[in-house]
Each structure stands twice: as C-alpha cells, then as structure tokens.
Amino acid sequence: MTDATVTSGVRLSDAAIRRRMFADFWFYFRQNRGAVIGLAVFILLVLVAVFAPLIAPHDPTQQYRDALLVPPVWQDGGRAGFFFGTDAVGRDILSRLIYGAQYSLFIGIVVVSIALVGGIVIGLVAGFFGGWVDTVIMRVMDVVLAVPSLLLALVLVAILGPGLTNAMIAIAIVYQPHFARLTRAAVMSELRREYVSAARVAGASNLRLMFKTILPNCLAPLIVQATLSFSSAVLDAAALGFLGMGAQPPASEWGTMLADAREFMLRAWWVVTLPGLTILISVLAINLVGDGLRDALDPKLKRS
C-alpha cells in the first residue's frame with residue numbers, strides 16, 4: 001500500500017512538473033505576439049490540409065473548358081463558383097491552393113525528419129568522439145555548406161531526376177549539416193557537465209550516454225532549427241517546383257502552380273499572385289513560430 005502511494009505520488013509530482021514546464025513555455029511564447037499569430041495561421045494551414053477534401057469546392061485537377069482564366073469573384077467577369085478564379089486550363093485556383101497545403105506540410109515533415117535524424121546522428125558521433133572522426137565529419141559538412149543550398153539541391157535533383165520524392169531527398173541532404181553542426185556544438189558543451197561524468201562512472205555505454213543522457217539536453221536548439229528548416233523546405237520545394245525540378249504537373253503544389261502561370265502574369269494576375277501570397281504567408285507564419293520557440297526555449301532570452 002505504501003509503495004503504491006509513493007509511486008502514485010511520484011507520478012503526480014512528475015505530471016505537476018510537466019504542467020509547470022508547459023506553463024512557463026507558453027508564458028514566454030505568448031509574449032511574442034507575432035509568434036502567436038504565426039501559430040494560429042499554421043494551425044489553420046494544418047486544418048485546411050487535413051480537411052481539404054471537405055473544404056475544397058472542386059477537384060483540383062478537374063478542368064472546366066468553359067471557364068478558362070476566369071477572374072476572382074470580386075472582379076468583373078468573375079463567377080460565384082470560382083471564388084479565386086481559374087487557371088489557363090480551367091482548374092479552380094482555390095481548390096488547388098487548398099490541396100497544395102497538403103503538399104507543403106508533407107514536404108516540410110519529410111524533409112525535416114530526414115535532416116533532423118541524420119544531422120543528430122552525425123553531430124552526436126562527431127561531438128562525442130572528437131579527434132579525427134570529428135575533423136573528417138565536420139570538413140565534409142563544411143563542403144556541403146560552402147555550396148549555395150538551392151544550387152546544391154538543383155544539382156542533386158538533376159542527378160536523381162526531377163520529381164517530388166527526389167526533391168525532398170535533395171533538400172534534406174542540403175539541410176543536414178545545419179543540424180549536425182548544432183548537435184555537435186551542444187554535445188561538446190554537455191560533455192563537460194558533471195551528470196555525464198557521473199553516468200560514465202556508473203558504467204553507461206557510449207550509446208546510452210549519447211542518446212539517453214546527452215541528447216535530451218540538446219533538443220531545445222534543435223526544435224527551433226527544425227521549425228525554421230520547415231519553412232525553408234517549403235520555400236525551396238516551391239522554388240524547385242517553379243523550375244520544373246520538383247513536383248510535376250498536374251500536382252497542385254504551389255511552386256508548380258507558379259510555373260504553370262508564368263506566361264499569364266500580365267493578363268491574369270491572380271494565377272501568379274495568389275499562389276505567391278500563399279507561399280509568403282505560410283513561410284512567414286512558420287518563421288514567426290520559430291522565433292517564438294527560440295524566445296521560449298532559450299534561457300538567455302527569457303525575461304524575469
């Protein structure tokens with residue numbers, strides 16, 4: 001009975017600590033009004049992507065031959081059935097923008113997951129073992145960072161072949177060094193702490209030290225970097241799609257929509273402006289969330 005009470009008490013205490021940590025995090029996060037607005041926009045983007053089949057008024061690939069380049073509903077010549085107008089082949093732009101949110105979120109999640117996992121493993125190995133292992137790994141990372149990210153992604157996609165999957169792999173490879181260097185720096189700082197020495201004395205293996213002891217204390221800057229890389233991945237994927245190296249038509253990815261609309265920029269402003277604004281707002285919102293996470297997770301930026 002006593003053991004159960006003690007165990008229950010420990011669990012309640014741990015839950016209270018987690019609630020306190022979340023309350024502190026939210027307090028500092030909401031001090032940044034831009035971050036709160038960005039979070040609201042991002043949540044809206046997620047909801048739009050999840051419920052796209054229910055929200056979209058039309059199939060994003062359906063072509064209405066009697067409605068080519070119809071302007072938005074508020075402009076002369078607009079139709080109520082096409083709120084944001086149609087493109088050059090009669091597809092509803094609003095529906096394509098809504099379904100495009102699925103592509104953007106999918107790209108961001110896949111790219112960040114690959115880059116984060118790979119970067120953490122590389123950074124942990126380099127920072128933990130040091131010596132020639134660290135030197136070799138970091139010089140390779142420096143070479144990757146020396147090449148402009150979009151140019152390197154273009155080269156990799158040219159080698160792998162155009163397509164959304166290859167574009168995501170290329171972008172993830174380009175972003176990996178950022179996570180690797182950040183993890184390495186955090187690991188080298190944590191290695192000097194007393195709790196790591198105590199774990200060594202207790203007989204913890206290298207793998208346990210890296211992944212169970214050190215890594216959890218390095219996550220705060222990695223979370224911020226992952227958020228900022230998410231927005232950069234969406235932007236780079238749109239750029240590759242615009243250049244014809246990313247998602248291929250008739251996919252409703254925002255960059256591909258821009259590429260399809262290039263020749264109609266002067267006589268049909270909506271086919272270019274609306275996808276461009278959607279990319280701008282989405283990337284800005286995610287960046288604002290990243291700034292808020294930085295303020296909330298970095299002890300140096302917290303105000304008493």
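Trainee: Where is P250 found in this predicted model?

Mentor: P250 sits in the loop that runs between α10 (219–242) and α11 (254–260).

Trainee: What makes the peptide bond that joins P249 and P250 a cis one?

Mentor: Look at omega, which is about 5° for the bond between P249 and P250. That bond is listed as cis.

Trainee: Happy with that. Which loop holds L69, and what is its phi?

Mentor: L69 belongs to the loop between α3 (52–55) and α4. Its phi is positive, about 50°, although L69 is not a glycine.

Trainee: Why does L69 count as buried?

Mentor: Set the value against the cut-off: buried means under 20% relative accessible area. L69 has 16% relative accessibility, so L69 counts as buried.

Trainee: How much of the chain is buried?

Mentor: Of the 304 residues in the chain, 43% are buried. As for the surface, the chain exposes about 16,200 Å², and carbon and sulfur atoms supply 66% of that area.

Trainee: Good question time for the fold, then. How many helices and strands does the chain have?

Mentor: There are twelve helices and zero strands. The C-alpha atoms fill a box of roughly 75 × 50 × 35 Å, taken along the principal axes.

Trainee: What share of the contacts with a separation of 6 or more comes from residues 24 or more positions apart?

Mentor: Such residues account for 68% of those contacts in the chain. To be counted, a contact needs heavy atoms within 4.5 Å.

Trainee: Let's turn to the second largest pocket. How much space lies in it, and which residues lie nearest its centre?

Mentor: About 380 Å³ of space lies in the second largest pocket. Its lining has 18 residues, and L45, W254, T278, I281 and S282 lie nearest the centre. The elements that give two or more residues to this lining are α2 (33–50), α4 (93–129) and α12 (270–297).

Trainee: Which element gives the most to that lining?

Mentor: That is α12, with seven residues.

Trainee: And how do the residues of the lining divide into nonpolar, polar and charged?

Mentor: The lining of the second largest pocket has 16 nonpolar residues, two polar ones and no charged ones. Try the classes on residues close to the centre: Leu, Trp and Ile count as nonpolar, and L45, W254 and I281 are among the residues nearest the centre. Asp, Glu, Lys and Arg are the types that count as charged, and the lining has none of that class.

Notes
Residues are numbered from 1 along each chain as its sequence is written. This is a predicted model: local features need pLDDT of at least 70, side-chain atom pairs count only at pLDDT 80 or more; totals for chains, interfaces and linings use all residues. Side-chain values use heavy atoms; hydrogens and water are left out. On a 1 Å grid over the protein atoms alone, a cavity is a set of points where a 1.4 Å probe fits but cannot get out, and a pocket is an open set with protein on both sides within 12 Å along at least five of seven lines; lining residues have an atom within 4 Å of a point. Grid points are joined across faces, edges and corners, and a volume is the space filled by probe spheres set on the points. Helices (H or I, at least four residues) and strands (E, at least two) are DSSP runs, numbered from the N terminus. Buried means under 20% relative accessible area, exposed over 50%, partly exposed in between (1.4 Å probe, protein chains only). Accessible areas come from the Shrake-Rupley method with a 1.4 Å probe; for residues, only the protein chains shown count as cover.
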